[in-house]
Amino acid sequence: MIGLLKKVIGDTNERSVKKLEKTVEQIEQWDEEMQKLSDEELSGKTEGFKERYANGESLEDLLPETYAVVREAAHRVLGMKPFRVQLMGGIVLHQGDISEMKTGEGKTLVATMPVYLNALTGKGVHVITVNDYLAGRDSEDMGELYRFLGMTVGLNQKGMTKDEKREAYAADITYGTNNEFGFDYLRDNMVLYKERMVQRTLHFAVVDEVDSILVDEARTPLIISGSVQQSTKMYMAGDAFVRRLKLEEDYTYDEQTKNVQLTEEGVNKAEQAFGIDNLFDQNHVQLLHHINQALKAHVTMNRDSDYVVDEGQVVIVDQFTGRLMKGRRYSDGLHQAIEAKEGLEVQKESMTLASITFQNFFRMYNKLAGMTGTAKTEEEEFRNIYGMGVTSVPTNEPVIRDDKPDMIYKSKEGKHRAIADTVGELYQKGQPVLVGTVSVEMSELISQLLKKRNVPHNVLNAKHHENEAKIIEDAGQPGTVTIATNMAGRGTDIKLGEGVVDLGGLFVIGTERHESRRIDNQLRGRSGRQGDPGASQFYLSMEDDLMRRFGTDNMRGMMEKLGMEDDQPIESKIVSRAVEQAQKRVEGHNFDARKQILQYDDVMREQRDVIYAQRMEVLDSENLEDVVKPMIKSVVERAVGQYTPEGTVPEEWNLEGLVNYLKGTVLWADDLEVKDIEGMEPEEITETVLEKAYTHYRQKQEELPEETMKEFERVVLLRAVDRKWMNHIDQMDQLREGIHLRAYGQNDPLREYKFEGFNMFEEMVASIEEEVAMYIVKAQVRSNLEREEVAEGKAVHGENTEREENNNKRRPVRKTETVGRNEPCPCGSGKKYKHCHGSAEAAQ
């Protein structure tokens with residue numbers, strides 16, 4: 001049916017490609033003319049383009065000629081001339097869409113054309129990659145081309161000073177990772193002086209591996225956090241208690257949703273263990289939270305799969321790439337619960353100072369484009385959330401890789417043995433093999449089996465990824481066996497060694513299916529690049545996570561009935577289709593989860609925009625009177641409205657309360673008495689009070705030098721905004737935690753969240769105004785005014801985390817003399833140790 005429709009209507013992707021071909025022909029018409037130009041004339045074209053753009057010519061009109069210039073320059077500088085399909089990819093990027101190009105099609109070179117064209121505007125272009133290694137490599141390699149054409153190139157990396165970052169952002173083209181760009185945005189909105197900001201307006205971004213950044217990482221927010229003190233004993237107590245609980249009897253665990261809950265029996269045990277009457281009492285909220293987190297840590301978080309213990313630290317393993325995410329911590333006390341479970345030192349909990357999701361950060365760019373080998377399966381998400389279409393660009397050479405059907409085994413053991421045997425056979429033949437695993441655990445297990453069979457191999461996983469790029473480059477050499485987690489699927493090409501083509505190319509083996517089809521397709525795509533031969537095959541077992549969660553019982557039953565042995569596989573298209581259906585279900589579920597997170601984060605986005613705009617106004621404005629006076633006014637109006645409510649008679653008004661409140665905020669003690677405002681209308685009271693408050697404000701302006709007054713106002717405003725905003729983020733997080741329970745009361749949790757979030761925001765704005773009004777009127781101004789940070793923040797996300805290097809060094813344990821409590825104190829005072837220095841130590 002779909003085939004018939006396509007014949008009648010035509011494939012939309014084919015139509016897009018046909019349109020692109022017309023533009024490609026226009027570019028190629030310039031080819032001869034460009035070849036005749038000298039190097040100076042070719043690089044001089046840039047100035048001419050900038051002038052034409054300044055005179056009103058659009059980028060679309062300039063496109064064919066600029067692309068032809070970059071194409072010729074690439075040929076001269078890099079020795080690479082973009083193919084027709086690469087020109088197509090470049091046009092798609094300029095249109096603000098995603099160009100899907102298979103592995104090995106030269107995406108890095110494709111980006112140079114739209115980047116150059118959009119950099120002509122002088123507003124800066126950001127090229128965003130998944131890790132620092134790729135950002136550095138591409139900025140070096142492609143930087144030569146841009147510099148030849150008279151463009152400046154910057155590299156934005158973590159650990160750079162503000163000045164270095166500012167210089168990188170001022171360049172025409174800036175390379176860096178998604179994390180770093182996002183954190184710089186947050187840091188810029190926490191600065192105390194405008195001069196310390198580093199970013200320019202977000203103009204145009206080209207995102208490499210766009211599916212990884214905008215889809216896989218979309219659920220992980222970027223957070224700048226400061227630490228708060230929290231009782232570590234509670235974590236230890238929760239952990240000790242949970243160790244005694246039994247599955248089904250004391251708690252239930254749902255494998256599909258990863259949900260753990262105490263049963264009635266478990267609750268009774270907790271009440272006995274902690275000597276309390278009711279665990280769900282308001283006073284025991286913290287205790288229940290600690291027990292739940294300890295339970296989660298023990299039941300749902302597995303060592304060497306979800307996290308590893310490295311140098312006495314719990315380090316999260318990224319579920320998509322298998323990398324160690326050093327410095328990143330699970331929120332809401334789960335990280336501390338895992339530390340307690342593993343018997344490590346429990347760290348302090350952290351408080352969020354600023355946060356943003358990638359979805360909302362990237363939507364702030366005026367234009368966004370991306371490229372990847374696998375985006376078609378997520379086209380709906382890209383269109384709905386980012387407004388980007390996906391165009392599949394044809395390959396330069398046809399793909400001749402042999403994608404074999406899946407092999408399904410009854411048990412995991414049988415599957416592992418079969419994989420090791422297959423690898424052994426291929427190794428004997430000399431054909432290179434890449435074994436893709438989903439977890440660190442699996443890669444180490446396969447490695448053990450290969451060692452027993454004396455097959456030399458390289459292991460790339462979250463524990464050893466220093467030489468990652470080098471090992472991946474060599475994975476196509478004859479007789480090479482490489483075991484790698486998903487992270488190896490990104491950014492580096494595997495080139496085939498001599499004689500490998502005759503052996504059948506690179507053989508890719510998948511040890512299990514990932515819950516996302518994209519990740520499987522990426523693994524397959526490592527083989528068969530640029531028309532090379534190759535093969536791929538996935539090995540599954542009925543005990544795999546995906547098959548267990550979403551596979552059918554009929555199939556398990558069928559394997560039992562047929563009396564199949566552990567190492568006897570079924571090779572069946574039906575099973576492969578069933579697996580694909582399961583993956584589609586999971587992808588749909590994940591998309592819904594990301595969409596929901598975005599809907600909730602949109603509430604925060606609107607609030608964030610208001611607060612950040614206010615901060616910018618404070619940092620930017622020459623005259624802060626226009627900010628301060630309306631604040632004083634709204635404080636007074638709000639107070640008068642509260643104490644003299646509409647619809648009540650003057651006898652019921654609480655004038656004494658009003659006067660006391662005003663004396664505490666915008667007036668001095670002898671400014672106002674109740675008798676002064678008796679018999680007045682609310683509007684008159686407001687006018688009277690405002691007149692007095694403004695008089696104090698004017699007096700302060702007259703007493704202080706103009707610059708001191710401005711600085712004083714800035715200090716007060718920034719401190720109030722930052723402190724209240726930080727607490728507000730925390731409260732919004734807590735509101736978000738429990739809001740889903742409203743669904744039980746037949747209320748839409750999102751509507752409730754928006755409604756309550758708005759009320760909380762209004763309250764926060766009111767308390768900011770109150771604090772500012774009070775300090776502006778009442779504070780004594782010191783001569784040494786300094787803007788101070790409310791809390792020191794650290795950037796937290798993946799590997800991009802700032803941490804103090806020296807704290808990680810292991811220190812030797814020093815054996816010291818221990819002094820008995822009743823022995824003389826070693827300080828020589830003549831007193832007993834317990835009455836002298838012993839008491840001070842005990843206090844600590």
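Biologist: Is Thr-108 buried or partly exposed?
Modeller: The model is predicted, so local features need pLDDT of at least 70 and side-chain atom pairs count only at pLDDT 80 or more, whereas totals for chains, interfaces and linings use all residues. Residues are numbered from 1 along each chain as its sequence is written, and side-chain values use heavy atoms, without hydrogens or water. Buried means under 20% relative accessible area, exposed over 50%, and partly exposed in between (1.4 Å probe, protein chains only). Because its relative accessibility is 21%, Thr-108 is classed as partly exposed.

Biologist: In which helix does Thr-108 lie?
Modeller: Helices are DSSP runs (H or I, at least four residues), numbered from the N terminus. Lys-107 is found in the helix that spans residues 107-119. For Thr-108, the helix is likewise α7.

Biologist: Which residues does Thr-108 touch, not counting those up to four places away in sequence?
Modeller: Contact means heavy atoms within 4.5 Å. With residues up to four places away set aside, Thr-108 touches Arg-137, Asp-138 and Met-142.

Biologist: What is the relative accessibility of Lys-107?
Modeller: Leaving aside neighbours within four places in sequence, Lys-107 is in contact with Met-101, Lys-102, Asp-208, Met-371, Thr-372 and Gly-373. Lys-107 counts as buried, because its relative accessibility is 13%.

Biologist: Which residues does UniProt list for "binding site"?
Modeller: The UniProt entry is unreviewed. Its positions follow the numbering used here, with shortened feature names, and annotations may be inferred rather than shown by experiment. For "binding site", UniProt lists Gln-86, Gly-104, Glu-105, Gly-106, Lys-107, Thr-108 and Asp-493.

How values were computed
Helix = DSSP H or I, 4+ residues; strand = E, 2+ residues; numbered from the N terminus.
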